[in-house]
Amino acid sequence: MKLPSIDYLTQSATYSLKRFPLVIISACIAATVATYLNEFWDTVDNPFPLMNLMLVAVLGISAFFSIKILIEKKGIKGPYRTIAQVVGLVVLMLIYISLPDGTSSHNPFTPYYRFAVFSVCVHLVVSFLPYLRDSHTLAFWNYNKVLFLNILASLLFSMVIAIGSSLALAAITSLFEYKFDSSTYVQIFIWSIGLVNTWIFLSKTPRDLEAMDNEIFYPKGLKIFSQYILLPLLTVYLLILYSYTIKVTMSWDWPKGIVTYLVICISILGIFTFLLLYPNRKSNGQRWIEISSMVYYGLLIPLILVLYFAIGIRINDYGITINRYLIVLLGAWLTFVSFYFVLGFKNIKFIPISLAFMLLITSFGPWGIYAVSERSQFRRLKSQLRATHLLLGDKVIKETIWDKTQLPELVAVDTKKSPEIITTENKPVATQKQVNDINSITRYLEENHGLESMNDWFSQDMKGILKVLYDSSNYHNNLASTLYLKTIGVPENGSFSDYNSYTASIADEQAYSIKGYDYSMEFDLSGEIENTYNINEKTYSLKLMGQNTNLELKSDSSTYLINLKPKLKLLAITGKVHYATYSVDTLTWEQQFPDLKTKLIIRRIIVNGSITSGQEITTLNGILLTKDLNQ
């Protein structure tokens, strides 16, 4: 076998670039932005615009590919070619606008949920768009067969390139002791999968689409894979699911939630298996394929009923979420597909077209995935808060008012008022389950939809307060839900106890004044660890004392206890999240003794416990400044 020459590879790559320029440009944009985010993630104030650009560029790879194939397949010429590409670009821009921009939710995974839905839609469109009005289903199957095999081949080649390059760098590191940054390895995979994989796939796309349509070749490996591997596995899975269905029916027990995912996965596996076997259904001795296909879709109907039953129980108990909406949607799609083939219809294009249509129509609007799930969980939250007497109508009953002059520290204007008013005189006004539900619902809304809908419940500007907290903290996860729960009066940790564990540290590197002090002692304390210092031929020791809430400075002749309890109480009440950053002034203690003046500057402190049951410092790192008042 003659191996391809360098000239051939160069010509093939050049031809692919000329044939699919917008696809290559999209891949380059996606890989470039991904590389930038990988390198500078910590320095980007708001990564969402860049993340959205990367995700839309990834969608552009498939979108512009399908448009180009459509143009070639239908022989579209003149200005209509440009119009088709502009339409694709406009659609991508609309998708970009629809993705979360970081103002509602700071969860970096939020855009990926919407991207996943759009990605499935776009890939489904790729599978049928050039053959939408073509009645020749075998040509449609051949086209998708080529795409499937090309995807596998290009993925294999690009992974070999990525792994081989990474091993080469590892060898250089081992032999020449030249260490590469870990991000370099990530970037190799980004460019290999993002650009090289795309380019290889494009170069393998047939130039003569008409010849591909009339191809009757069925790969033997594909037949073995589908008929002797996938089909037996599908049979085993169906037996397991039907056994479980019989068990649930006989015991009249509620089906487990995981059964919904199993039904969907096994259903899709079966559909994929019979699609791979589709060309052989009319072959001699292969009539069983067509019969088995109809039987399979009939067997799916009882399993789909189990799916509806299981997901209905969860929706009734916990409302609609994005995942539950998608399960119901896929259940409806499986219902349509099953009845379509059971009733004798045979056009396999119905499978991707129907799924793409259902996903597309539910990706936006008040009936869509995100709007319905947000309304459902928002109603559940209001119901729980009203049941626990924390919400009257649409207003928080005992709202904690925060002192804006103390931001970003959360200091209540009425310091005698506990931020957590869900208990009264040690008697809970809510069950533990209600408190846990309020916490989980609020966090779900923050991570997937944002909490703007709650702003009207409060008399103070929650959006402004939250902005100050975001600007002052590098830790954004659950920051909004923590603020809102504290303001309403719900324990953040989901229990009636005010036990908490948090870390406080100085924001970035900040200068501090040493004016008026003689000596500086750096320390790092935890447990019974003791730090010692020699100053003017005197030995000083520093350690935590008194249930680790006092800092003891001891010399040869004197002992000084620096009381940390007042500041610990303040940090426990005002702690924004489990990790928070503060200014130097906030984490500075000054205490004067008859013969010694001290100034304690905390770089990092980890505290466990509660105000009522007692707090304990587990880690204390910082600087102690001292001045001898006898000199």
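Start with helix α5, residues 110-128, and helix α6, residues 137-176: they pack at about 130°, with axes 9 Å apart. The axes are lines fitted to C-alpha atoms over the stretch in contact, and angles run from 0 to 180 degrees between N-to-C directions. Helices here are DSSP runs of H or I, at least four residues, numbered from the N terminus. So α5 and α6 are oblique to each other, a class left over after under 35 degrees (roughly parallel), over 145 (roughly antiparallel) and 65 to 115 (roughly perpendicular). In α5, Val126, Ser127 and Phe128 meet Phe140, Tyr143, Asn144 and Leu147 of α6; contact means heavy atoms within 4.5 Å.

A word on the source. This is a predicted model, where local features need pLDDT of at least 70 and side-chain atom pairs pLDDT 80 or more, while totals for chains, interfaces and linings use all residues. Residues are numbered from 1 along each chain as its sequence is written, and side-chain values use heavy atoms, without hydrogens and water.

Next, Pro255, in the loop between α9 and α10. Is Pro255 buried or exposed? Pro255 is buried, at 1% relative accessibility; buried means under 20%, exposed over 50%, partly exposed in between, with a 1.4 Å probe and protein chains only. Leaving out residues up to four places away in sequence, Pro255 touches several residues, including Tyr244, Val248 and Phe309. Its C-alpha lies 8.7 Å from that of Leu307, 52 residues apart along the chain.

Last, Ile229 in helix α9. Ile229 is partly exposed, with a relative accessible area of 41%.

Key
Helices (H or I, at least four residues) and strands (E, at least two) are DSSP runs, numbered from the N terminus.
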